[in-house]
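Hi everyone, thanks for coming. I'd like to walk you through one model today, so please have a look at the screen.

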Amino acid sequence: MERWLPGRGAALDVTFPTVPLGEVLKISRKRVLPEQFDEYQPITIHFDGSIVERERTEPFKGGMFAAHAGDLVFSKIDVRNGAIGLIPPEFDRVVITSEYPVYIPDKMQVSARYLSLLLRTPNFMQLLKRASSGTSGRKRVSPESFEGLEIPLPELNEQQTLVDVYEGALARAAELENEARENENAGQQEFESALGLIPPPDLPRQPFQIASFSEVERWSHEGILDQKMLAASGKPTEKYPLVSLGEVVSDLENGWSPQCLNRPAKEGEWGVLKLGSVSYGVFDETANKALPSKLKPIPTLEVRAGDVLISRANILRLVGACALVRDTRPQLMLSDKIFRVVFRQNSLVLPEFLTEILKTPSVRQQIEANATGTSPTMKNISKPALLDLMFPLPDGDESLKIQETLINNLWASRQHATIKRAEALHLRSAAWAEFQAAIFL
């Protein structure tokens, strides 16, 4: 007898009675004729159980069969990898080949929601793998073997309760992730608003006004008009002066891109950073390639904690991506596609502040407008173009303190978001474990 946990044999007990799938599923063999093909939607099943539309304009060769929303479908050859699921409501009439058996669940015995979860459990996946037969690489699960697999089957009301508890946890996890996004967005908006990068949301209705280029001190026509309106109303305006990157840093230096080994550097080896080390705004020291032992490293190009790195080449949305190096393993060098910011002595800008300001939509717009290159997969930004980037910078004796406060507030909002996402992840994991534990002793 196939038991619920493979390898445990008869020593395993389950919480609920087990029944063969063939007792709760009825196979469906409704044929679709070639002339009916256009009335149905071809589909495919991914390994995560998701069912998606398949692009096809001609009928399938061989037998074609119909399935409907709520039916269970699996791929004979890929079901052991997870290609099994219930057809979602948006696919009312679908067509598949004989490689995809179709079953209609008995609603008087099994809830579709319960069955959907049960099919994704690791234990059920193991049963499917054991039911596979055939030569290596072409193993299949036959309908007969599938129907013989036994599953725990609580009463319908108990199935609904198990699923309700699980889905309730998922709903709470989704709420937490939404709160995390709101925390991040609010923190980012507060950071940009404090610098004058975002105009107040409700602009008063005023007659149309013209702004000249000499008045372009902010980042949009709304911002210009807002400043004129505030001045006309007699309200004081507070803003930070715009500076170019070249005014507040000493230089941008890039590195060296020799022919490297096709693997990351091991401990004790030198490596050269890849673009992926900075592409997503967080420094990733693992994105590197080992320097061949026959080549001599250049120690002055070694990346250090505190460095601000900027990519000079990538696809458009990633060119100019930057990251702050908080910590790093030794013996990693800059490549020639990555700039390192050289700060002035007694710098007027904090590395943390510069990293964040370079990620704002206002600066990103400047970067993308100045990117060059004909290839859609590789754009470049030159050193002069980067040094010409304009952004607001707090001035006066309190400049560094203001920058630090802004950064701390921004990072605090992200930390709150990280905590909420971790809680959401824990909820999902715990709910999934509890669902499985509720079925077995």
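**A quick tour of the model**

Let's begin in a loop: Glu35 is found between strand 2 (25-28) and strand 3 (41-45). Keep in mind as we go that this is a predicted model. Is Glu35 buried or exposed? Its relative accessible area is 62%, so Glu35 counts as exposed, the cut-off being over 50%. Now look across to Pro59, which is 24 residues from Glu35 along the chain, with 8.4 Å between the two C-alpha atoms.

Next, helix 1, which covers residues 112-120. At its start, a side-chain oxygen of Ser111 comes to within 3.2 Å of the backbone nitrogen of Arg113. Which residues of helix 1 are buried? They are Tyr114, Leu115, Leu117, Leu118 and Leu119. As a reminder, an α-helix has 3.6 residues a turn, so residues three or four places apart point the same way.

On to the largest pocket, which holds about 490 Å³ of space. Strand 17 (322-324), helix 7 (351-357) and helix 10 (399-439) are the elements that each give two or more residues to its lining. The lining has 25 residues in total, and those nearest the pocket centre are Tyr280, Gly281, Val282, Cys322 and Lys359. By class, you'll find 11 nonpolar, six polar and eight charged residues there.

Since Cys322 came up, a word on cysteines. Cys322 is buried because its relative accessibility is 2%, under the 20% cut-off. Cys260, at 16%, also counts as buried by that cut-off.

Notes: Residues numbered from 1 in each chain as written. Predicted model: local features only at pLDDT ≥ 70, side-chain atom pairs only at ≥ 80, totals over all residues. Heavy atoms only, no water. Buried < 20%, exposed > 50% of the residue type's maximum accessible area, 1.4 Å probe, protein only. Helix = DSSP H or I, 4+ residues; strand = E, 2+ residues; numbered from the N terminus. Polar contact = N/O pair within 3.5 Å; in protein donor to acceptor, adjacent residues only side chain to side chain. 1 Å grid on protein atoms, 1.4 Å probe; cavity = no way out; pocket = protein on both sides within 12 Å on 5 of 7 lines; lining within 4 Å. Points joined across faces, edges and corners; volume = space filled by probe spheres on them. Nonpolar A, V, L, I, M, F, W, Y, C, P; charged D, E, K, R; others polar.
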